[in-house]
Amino acid sequence: MNVEWSLFTPWSALAGGVLIGLAASLLILANGRIAGISGLLGGLLDGLFGGSARSGQEGRGEAALFLLGLLAAPLLWSLFAAVPESHFSGSPAMLIVAGLLVGLGTRYGSGCTSGHGVCGLSRLSPRSLVATLCFMGAGFVTVYVVRHLLGVVAV
């Protein structure tokens with residue numbers, strides 16, 4: 001597999017990382033909440049569909065705005081530069097199964113990659129370190145099995 005070095009953009013990656021860190025820092029400093037996307041989405045949906053949201057009505061507005069910002073960011077980016085193309089070579093069924101597995105993993109792991117990997121590690125949480133090592137390891141094993149043992153080749 002060849003790497004297309006002309007597409008490597010360290011400055012935009014650095015800017016994105018700084019913005020993620022800034023947003024996570026502002027959320028915890030201003031509201032004392034961790035910027036875990038699955039938790040924010042789960043709490044928002046729980047409140048919208050009549051479930052017992054952990055924080056009740058508190059925090060639903062900020063969760064909605066945070067998630068809206070995630071969806072609006074590519075649209076805002078497209079005003080200044082071309083949005084990179086993304087390709088998915090799997091079937092829709094594979095995408096659905098993958099999404100369900102990620103959702104199941106966030107429930108079992110009590111958080112997602114953003115909650116554990118970004119916020120938890122920055123707080124030096126041992127639990128988040130173990131969770132991050134587990135989901136990264138599971139990702140590495142999955143890629144190895146799918147590409148090398150099952151022979152599925154990404155286009």
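Cys 119 is buried, with a relative accessible area of 6% (buried means under 20% relative accessible area, exposed over 50%, and partly exposed in between, using a 1.4 Å probe and protein chains only). This is a predicted model, so local features need pLDDT of at least 70 and side-chain atom pairs count only at pLDDT 80 or more, while totals for chains, interfaces and linings use all residues. Residues are numbered from 1 along each chain as its sequence is written, and side-chain values use heavy atoms, with hydrogens and water left out.

What about a bond for that cysteine? The structure holds 0 disulfides, a disulfide being a pair of cysteine sulfur atoms within 2.5 Å.

His 116 sits in helix 5 (residues 113-122); helices are DSSP runs of H or I with at least four residues, strands are runs of E with at least two, and both are numbered from the N terminus. His 116 counts as buried because its relative accessibility is 4%. Setting aside neighbours within four places in sequence, His 116 is in contact with residues including Gly 109, Leu 121, Arg 127 and Phe 135, where contact means heavy atoms within 4.5 Å.

Helix 1 (residues 10-31) has 22 residues and spans 31 Å from first C-alpha to last, close to the expected 32 Å; the expected span is 1.5 Å times one less than the number of residues. Gly 32 follows helix 1 and has a positive phi, near 70°. Helix 4 (residues 92-108), with 17 residues, reaches 24 Å, close to the 24 Å expected. After helix 4 comes Ser 110, where phi is also positive, near 55°.
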